[in-house]
Amino acid sequence: ICEQVEDPKSAKGLVKRDVIRVVTPGTLIEAGLLTECNNNYICCAYISEASSGLATADVSTGELYVTFFDGTDHLEKLYDEMCVYAPREAIFNKTKNEIHFVINGLTTRFTTYVCDSMEEMFDDITCRGIIEKKFSHDPSVDDILSRNVLLRSLGGLVLYLMDVNKTDPASIRHINLSRNDQFLEMDISARRSLELCAGMHTGDKKGSLLSVITDKPNERQALS
């Protein structure tokens, strides 16, 4: 999106114009472009040899979730976690060839818009500086800064949002940090079989547990 960036009355010759925002699937905030009752998530993953960090945000609501995965199966855990959010957009430091099953899975299941090979967004010093500045009073900031994959995934996400929006993402102010061992883990096949968020035959919310909770007040009351 381009706009005039100077007063036409004081301009000499052509009025200066500049890019004020780059519109991407995961950074939409306009109500008319969003689906009611569904989040519009953008994920940013930093993947190292032994672990992965994941930062997920909905710019329209200000939600921000950060977590990490260790072990030989950290990539599989990362993919399962990303499937929970069904992101509209995903950012990776690795190339598609390096993490092909993750990227192919997201694009096939959710038509996720993917930006891979974004290593320049994950510079350690830059990420540290932006986190210390933006989240200086957040109780989770010390834990984020002490673990490299968390530092780079969150820093990379904030830097990407600043790059496309040309300003600080003011709606994102609080970090929700979690460990994968705090919750029961279910892979995407288990969630699909249980029809938690989508019916197996419909492929959408209809017929799922989520539809009972959100769409049918009488049944929701009975469940509680």
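Analyst: Please keep in mind that this is a predicted model, in which local features need pLDDT of at least 70, side-chain atom pairs count only at pLDDT 80 or more, and totals for chains, interfaces and linings use all residues. Residues are numbered from 1 along each chain as its sequence is written, and side-chain values use heavy atoms, with hydrogens and water left out.

User: What makes strand S6 covered on both faces?

Analyst: Buried means under 20% relative accessible area, with exposed over 50% and partly exposed in between (1.4 Å probe, protein chains only). In S6 (residues 89–92), Glu89 and Ile91 on one side and Ala90 and Phe92 on the other are all buried, so both faces count as covered.

User: Why are S3 and S6 said to pair?

Analyst: Two strands pair if DSSP finds at least two bridges between them; strand S3 (residues 42–47) and S6 have four, in the parallel sense, and therefore they qualify.

User: What is called the largest nonpolar core?

Analyst: A nonpolar core is a set of buried Ala, Val, Leu, Ile, Met, Phe, Trp, Tyr and Cys residues joined through side-chain atoms within 4.5 Å. The largest has 33 residues, and Leu64, Ile131 and Tyr160 are among those with the most contacts inside it. Helix H5 (148–165) gives the largest share, ten residues.

Terms used. Helices (H or I, at least four residues) and strands (E, at least two) are DSSP runs, numbered from the N terminus.
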